[in-house]
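Hi,

Here is the structure I said I would pass on. Have a look at it first, and my notes on what turned up follow below.

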Amino acid sequence: MTRSDNMTGALLMMGSMAAFTFSDALMKLLASDVPLFQLLFLRGILTTFAVTLIAWRMGAFGQRVPRRDWGVMAIRTTAEVMATYCFLTALFHMPLANVTAILQAMPLSIALVAALVFKEPLGWRRLTAIVVGFCGVMLIVRPGPEGFNFYALYGLGAVACVTVRDLSTRRLSREVPSMLVTFVTSLSVMCVFGIASVGQEWMPLAGREAGLIMAAAVFVIAGYVFSIMTMRVGEISFIAPFRYTSLLWALVLGWLVFGEWPVPMTLLGGAIVVGSGLFTLYREARLGLRKSGRSLLHRR
């Protein structure tokens, strides 16, 4: 694997994180003007159309999916719908950087639940990093009468739902195309929130609102495309840590667009969560290399 492959993968990962964060910022700009369900439905129409074209070009619709995988995809899709609702509800009522910082705990929660549910090995070093990381989350959420925002619970709910989503993804068979999974997810999100929006009063869209929704959809599509390209270039152990650049984008956009800057306690908590996550990824990479080495020795 050449260094240029790894750097290309890192740039694609950073581009994916930037695209998703820009989309989040645009959605937050619309929070006071357009109801949440209407927003998600309209953005979903655009993203589903684009994802359908990409999946069709990649031949995702022509491959047979085992019956067992449809059940797993149903669980994954349900978790994605709930994660979307929880995340955007938190985002509309909290600073962008705060919500993004909470979401950085996902690698920690995934490692912990994978050990508890799927009995994946979890050494004391990674377990310690997970505990420290969740302490960092508590610094961000700050449970108690002072500094606590109720909507932080929605952020934690988003972490739980994304954990279920990603662990469900691991259970899918290798022959299931990634773009087919993305298509099913995007279509389901669009349909669920389209139905939910029927119970809300729709707001007429001016040129500004329509333009922001279209821009948010473009950034989501770019995020999808970059994330798919990321998986095809470079070593995942090198690329994965660059996922945390989303927090840097959230800090910059929160300050420039919304005039938000986290208090020192939140910044400290975010730094602890990111540091713990990076250590967890490092240990997983080291263990993966050891397993690969043992496997090669065994084959010889």
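**Salt bridges, cysteines and a nonpolar patch**

D166 has a relative accessible area of 24%, so it counts as partly exposed. Before you go further, keep in mind that this is a predicted model.

D166 pairs up with R165 in a salt bridge, where the closest N and O atoms are 2.9 Å apart. R165 itself is buried, at 18% relative accessible area.

How many salt bridges are there in total? The count comes to 6. Another one brings together the side chains of K28 and E260, at 4.0 Å from N to O. This pair links distant parts of the chain: K28 sits in helix α1 (residues 3–29), while E260 is in the loop between α11 and α12 (264–299), 232 residues away. Are these two buried or exposed? K28 is buried, with 11% relative accessible area, and E260 is buried too, at 19%.

Then there is D33, which forms a salt bridge with R208, with 3.0 Å between the closest N and O atoms. D33 is partly exposed at 29% relative accessible area, and so is R208, at 43%. If you look around this pair, you'll also find E209: D33, R208 and E209 are linked in a network of salt bridges.

On to the cysteines. The structure holds 0 disulfides. C86 is buried, by the way, at 13% relative accessibility. For C191 the closest cysteine sulfur is also in C161, but 19 Å away, so that is too far for a bond as well. C191 counts as partly exposed, at 36% relative accessibility.

Last, the surface. Which residues make the nonpolar patch? They are V252, W255, L256, V257, W261 and L267, and the patch comes to about 630 Å². Helix α11 (residues 245–258) gives the most to it, with 4 residues. W255 is found in that helix, and at 55% relative accessibility W255 counts as exposed.

Happy browsing!

Terms used. Residues are numbered from 1 along each chain as its sequence is written. This is a predicted model: local features need pLDDT of at least 70, side-chain atom pairs count only at pLDDT 80 or more; totals for chains, interfaces and linings use all residues. Side-chain values use heavy atoms; hydrogens and water are left out. Patches are made of residues with over 30% relative accessible area and no salt bridge: like charges are joined within 9 Å, nonpolar side chains (Val, Leu, Ile, Met, Phe, Trp, Tyr) within 5 Å. Accessible areas come from the Shrake-Rupley method with a 1.4 Å probe; for residues, only the protein chains shown count as cover. Helices (H or I, at least four residues) and strands (E, at least two) are DSSP runs, numbered from the N terminus. Buried means under 20% relative accessible area, exposed over 50%, partly exposed in between (1.4 Å probe, protein chains only). A disulfide is a pair of cysteine sulfur atoms within 2.5 Å.
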